[in-house]
Amino acid sequence: MAPTTAPNDSYPEKFPLPATDVKDGAVDPPPYAGVDTSGVDPKKVLLKMDLHLIPMLALLYLLSFLDRGNIGNARIEGLVETLNMTGPQYNWCLTVFFFTYCVFEVPSNLLLKRLRPSIWLPSIMVAWGTVMTLMGIVQDYKGLLIARLFLGVTEAGLYPGVAYYITMWYVRTEAQFRQAMFFSAASVAGAFSGLLAFAIAKMDGVGGYEGWRWIFILEGILTVIVAIIAFFTIYDFPETAQFLTEPERAWVVHRLKYQGSKDSGQMVAESEHFKWRYVREAFTDWQIWLGLWMYWGIVCPLYGTSLFLPSIIRQLGYSSSTAQLLTVPIYITAAVLAVVVAWFSDRSGQRSPYIFTCMCAIGIGFIICIAASAHGGAPGAVYAGIFIAVCGIYPAFPGNVTWISNNLAGSYKRSAGMAIHIGVGNLAGAMASNFYRAPDAPKYILGHGLELGFVAVGLCAVVGLRWNYGRINEKRDQMPLGEYSDAENSEKGDRAPTYRYVL
């Protein structure tokens, strides 16, 4: 189903576990010390993990993205007209979602490990499914605005939580493929959203409700049903996974604890205990804030297209139903590309070349959109530009999230750092919600231009990250081993001289 590890991965397939581990500056026996792992088959273990973890994660994120973006489908089915909303009011309903979404991501990720994934993730699903269902009965602009605020609160923990959850199971050279597997569910959600909205809209008038209301109601109910199932199907941590044998659990845990220092010649265990210092370090880490510009260069186009693609296609002269259906091939192609690019990225052990190339494709797509829109009379060319842009967005996004997570060491620093990166990064959704304004239809040149500008800045951030990571790695290669104790290096995390950044 998936690659095991990259060819240059130096993890042995069979190894004796060390007799010591580092915690709070002390040396204690690690979990599974002395367990014989000589019979462990790495490919078999990874396949078991993939089959038990990825399908449910993909389904959760599919529903999350479906519920977040279905307002775009509801719009072209009459939401704005029914609620007597103006264009700016509709944009505000999109924007406020991201304010609460951003604020609640860090606390949610810290709670994930404390409360267990099998409890926390399904609980927030029930909450956002309930909010989504209630969106179907709002009567005016204020009601929709408040519902979108609460949708941001309840959905905040899902994506950063799942992205962090993957790092608790897979090492750095395996993570992007798995991130892409569940993130490609967002692509499928885009396609499925169009198909589902097309079908549900036919219920217009049933029960006295308009078709757009049924989009919210039925998709919200579906989310609650899946959430109840998720309580029994999500596994917490490798240490407690019943589908793995004890030697397999020992093998998985050992790889995760020593992955950051394996190339340095001095194996140092990653810190697993909580300190507020790790959270503060995450907030002041240069790579998160530089990576944020890369994130915005991908996520502004992501949200811009997901929220407005049906409307953009409709403005090109297609009917409402045709506009819904024309989104399908774009998202299906993007889903396939996301998985393929991630496979090659994991195999090579590199992130930046693939992210940079995909972001160039995003830029080319929006250049085509601007040129074709300015010329006029070329809806096919605008559609092609959007197609190319989306096919760059979906492979780039899991790459950018994986790259930052690969370079954060210490379980709780990674948890907080990923939440900051994704949370503040998703403010791009608030910006993108206002890029495609009603007065700019049908050409939307301003919107396409703003997307292109963010892509350009994001490309500069990719180059900056790559250069800095390489410079620091070279400096650490020249440092003598043994300058710090294992306990000190463990406390330093990704700032330790034994730690090597992924390029």
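**Figure 1. Cys102 and Cys369, two buried cysteines of the predicted model.** Cys102 has a relative accessible area of 16% and is therefore buried, since the cut-off for that class is under 20%. Cys369, in this predicted model, has a relative accessibility of 0% and so counts as buried as well. A disulfide is a covalent bond between the sulfur atoms of two cysteines. With a limit of 2.5 Å between cysteine sulfur atoms, the count of disulfides comes to 0.

**Figure 2. The packing of helix H1 against helix H3.** Helix H1 covers residues 42-75 and helix H3 covers residues 87-103, and the two pack with their axes 11 Å apart at an angle of about 175°. Because angles over 145 degrees fall in that class, H1 and H3 are described as roughly antiparallel to each other. On the H1 side the contact is made by Arg68, Ile71, Gly72 and Arg75, while H3 contributes Tyr90, Leu94, Phe97 and Tyr101.

Figure 3. A polar contact of 2.6 Å links the side chain of Thr223 to the side chain of Asp67. When neighbours within four places in sequence are set aside, the residues in contact with Thr223 are Leu63, Asp67, Met125, Trp128 and Gly129.

Figure 4. Gln179 is located in helix H8, which spans residues 175-200, and counts as buried because its relative accessibility is 0%. Leaving out residues up to four places away in sequence, Gln179 touches Tyr159, Ala163 and Ile166, together with Pro398, Val401, Thr402 and Met418.

**Figure 5. The protein chain as the setting of the close-up views.** In the predicted model, the protein chain contains 20 helices and 2 strands, and 61% of its 503 residues count as buried. Among the contacts in the chain with a separation of 6 or more, 82% are accounted for by residues 24 or more positions apart.

Terms used:
Residues are numbered from 1 along each chain as its sequence is written. This is a predicted model: local features need pLDDT of at least 70, side-chain atom pairs count only at pLDDT 80 or more; totals for chains, interfaces and linings use all residues. Side-chain values use heavy atoms; hydrogens and water are left out. A polar contact is a pair of N or O atoms within 3.5 Å; within protein, one must be able to donate a hydrogen and the other to accept it, and residues adjacent in sequence count only if both atoms are side-chain atoms. Contact means heavy atoms within 4.5 Å. Buried means under 20% relative accessible area, exposed over 50%, partly exposed in between (1.4 Å probe, protein chains only). Axes are lines fitted to C-alpha atoms, for helices over the stretch in contact, and angles run from 0 to 180 degrees between N-to-C directions. Helices (H or I, at least four residues) and strands (E, at least two) are DSSP runs, numbered from the N terminus. Angles under 35 degrees count as roughly parallel, over 145 as roughly antiparallel, 65 to 115 as roughly perpendicular and the rest as oblique.
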